[in-house]
Structures are given as structure tokens and as C-alpha cells.
Amino acid sequence: EVPSSGSGIIVGQNDTELLVVTNNHVIEGATTLAVTFIDESSVEAAVKGTDSASDLAVIAVPLEDISADTKSQIKAATLGDSDSLKMGQGVIAIGNALGLGQSVTVGHVSALNREVTVDGVTKTVIQTDAAINPGNSGGALVDDEGKLIGINTLITSYSGNYSGVGFAIPVNYAVNLAQQIIAGETPTHAQLGVSLSTVNDQAAASYGLAAESGAYVAAVSQGSGAEAAGLQEGDIITALDGESVEGASDLMLAVRGKNPGDTVKLTVNRNGQEQEISVTLGDDAAS
């Protein structure tokens with residue numbers, strides 16, 4: 001056995017268990033799990049459920065195994081709103097950096113809706129320059145009020161250590177999936193059923209597009225909610241439920257924050273004419 005460590009975030013409890021969210025890659029393949037609290041007490045834990053596509057996992061710690069003193073020092077994270085983040089705002093990363101224990105680093109939101117591909121799966125994440133190192137995975141990214149806005153998950157680095165480019169899963173998306181896991185469900189991810197590219201002013205000028213920003217529909221999947229609603233190749237989606245869509249990443253993240261079966265209202269520019277189209281979201285269960 002090879003020991004490894006990561007970080008986690010307390011998100012709540014039920015009648016018998018304390019529930020902790022972390023990254024799937026932190027606990028994947030583990031034969032035993034233990035959670036070490038701020039007072040350095042350690043309690044064995046079990047996997048509640050995982051979702052490899054989003055790199056999320058929930059682990060459960062029996063309440064009866066946690067001492068009264070430890071219980072008095074711990075509480076669930078206060079949730080923030082990752083949809084309201086602004087580039088440049090201050091953030092704090094908290095975790096078990098390099099296995100050293102409780103570490104806090106300070107930085108900024110470097111970019112929003114950044115697309116990164118890991119093992120063939122594209123994720124839409126928050127980019128930050130707060131120092132994130134091995135051991136930080138699964139830990140909290142919080143705003144200046146201490147509210148959870150992301151789950152630190154990976155870095156881009158030639159050395160394997162901090163290089164100023166770290167990524168976190170937006171909390172709105174993560175909590176939706178964690179709730180499915182806690183409920184004993186197999187996590188599914190909402191899908192619109194289209195292939196997208198980003199529209200900007202350069203693309204609009206080059207291709208004679210009718211809008212200068214939004215998500216361009218390059219293809220519509222057969223049997224999808226998008227097809228049933230009448231979306232067409234060449235449509236430009238400029239808003240979802242009244243919220244502006246600046247590009248493909250915007251739309252992807254907004255859809256991932258929904259549940260399969262939800263109906264969303266899209267504002268669509270079709271050949272210069274704007275219209276509203278309601279789409280019932282599908283899921284990725286088949287894939």
C-alpha cells in the first residue's frame with residue numbers, strides 16, 4: 001500500500017454520519033480512509049459515493065466515532081455563489097498542502113469558465129493564482145467572507161508543484177452533484193444536446209454572424225431535448241433563463257448547474273431575429 005493525502009470539506013451531516021466532499025482522485029483506489037480534523041484527531045471513514053466525470057466524491061465519517069471535543073470545533077462550510085464571481089476578486093485556498101496539514105494561501109480569481117481537459121473529459125473551472133500544491137486537492141476555495149466558492153482540484157505545472165495556475169470546481173455545480181451522491185443516486189449531468197463554439201466580434205465579422213457574442217450551435221444531437229425544441233445549426237444562444245451567455249463555456253457551465261429534466265428558456269438569435277426557445281434538458285446516463 002502507498003499512503004497518500006488530500007483535503008476535504010465538511011458539507012453537512014445526517015443522523016449518523018458527518019459528510020465530507022473531496023476529489024475522486026484523492027480517494028480512488030483507497031483500501032482504507034481516515035479523516036484528520038483540525039485538532040489532529042483521526043477517524044476512519046467510508047466512501048459514500050463518487051463521480052469520476054466531475055472528479056468529486058463524498059465520504060462519510062461515523063458521528064459516534066468523533067469525540068465531543070472534536071465536534072465542538074468543526075462545522076459545515078458556508079456556501080457561496082460561484083455564479084457571482086468576478087475576475088480579480090480575492091480568494092483563499094485552504095488544505096493539506098504537501099501533506100503539511102492546515103495551510104492557507106491567498107490569491108485572486110484569475111479567470112472564470114476556463115475549460116481544461118483531463119483524461120479526455122472537459123471541465124469548466126475557476127482559475128486562481130492562490131498557491132495550490134499536491135495535497136490541496138479536494139480542499140476549499142473561499143471568498144473574502146469565508147464562503148465556499150470552489151473545490152480545488154488540479155494545477156498546471158511543469159514541475160508538479162505550484163506555478164501560479166490552479167483550478168477549482170465551481171461550488172454551484174459541485175454541490176448539485178454532491179447532493180445526488182448523498183441521496184444515494186448515481187450522478188447524472190444535464191445536457192442540452194448540442195455542439196458549441198464561442199462567438200466573439202472577430203468571429204462574427206469573419207463569418208458574417210448575426211450576433212457578436214454568445215454560443216454558436218455547430219450541431220444538434222438526434223433525439224436530444226435541443227432537437228425536440230427546434231434548435232438549429234447556426235443558431236446563436238445569447239442567454240439562458242435571462243442570464244447573458246457570452247460564449248460556449250458560459251452556456252456549458254449554466255447547463256451543468258441544472259438537473260436532467262429541468263426546462264430552460266434560451267434566447268436565440270436566428271438569422272438576425274431573436275426568439276425564446278424552451279428546452280428540456282437530457283442527461284448523460286447513457287454515456
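This is a predicted model: local features need pLDDT of at least 70, side-chain atom pairs count only at pLDDT 80 or more; totals for chains, interfaces and linings use all residues.
Local features require pLDDT of at least 70, side-chain atom pairs count only at pLDDT 80 or more, and totals for chains, interfaces and linings use all residues. Residues are numbered from 1 along each chain as its sequence is written, and side-chain values use heavy atoms, with hydrogens and water left out.

The largest nonpolar core holds 18 residues. A nonpolar core is a set of buried Ala, Val, Leu, Ile, Met, Phe, Trp, Tyr and Cys residues joined through side-chain atoms within 4.5 Å. Buried means under 20% relative accessible area (1.4 Å probe, protein chains only). Leu 192, Leu 231, Ile 237, Leu 251 and Leu 266 touch the most other members. Elements giving two or more residues include helix 6 (248-256) and strand 17 (263-270); helices (H or I, at least four residues) and strands (E, at least two) are DSSP runs, numbered from the N terminus. Strand 17 gives the most, with three residues. Beyond its neighbours within four places in sequence, Leu 266 is in contact (heavy atoms within 4.5 Å) with residues including Leu 192, Ile 237, Leu 251 and Val 279.

A second, separate core has 17 residues, among them Leu 19, Val 58, Ile 169 and Ile 181.

Strand 5 (residues 56-62) has six of its seven residues buried, so it is largely enclosed by the rest of the structure. Strand 2 (residues 17-22) pairs with strand 5 in the antiparallel sense over six bridges; pairing requires at least two DSSP bridges between two strands. Here Leu 18 stands opposite Val 61. Strand 4 (residues 42-51) also pairs with strand 5 in the antiparallel sense, over five bridges. Ala 46 faces Ala 60 of strand 5. Strands 4 and 5 form a hairpin with four residues between them. In the turn, Asp 55 has a positive phi of about 60 degrees.

Methods. Buried means under 20% relative accessible area, exposed over 50%, partly exposed in between (1.4 Å probe, protein chains only).
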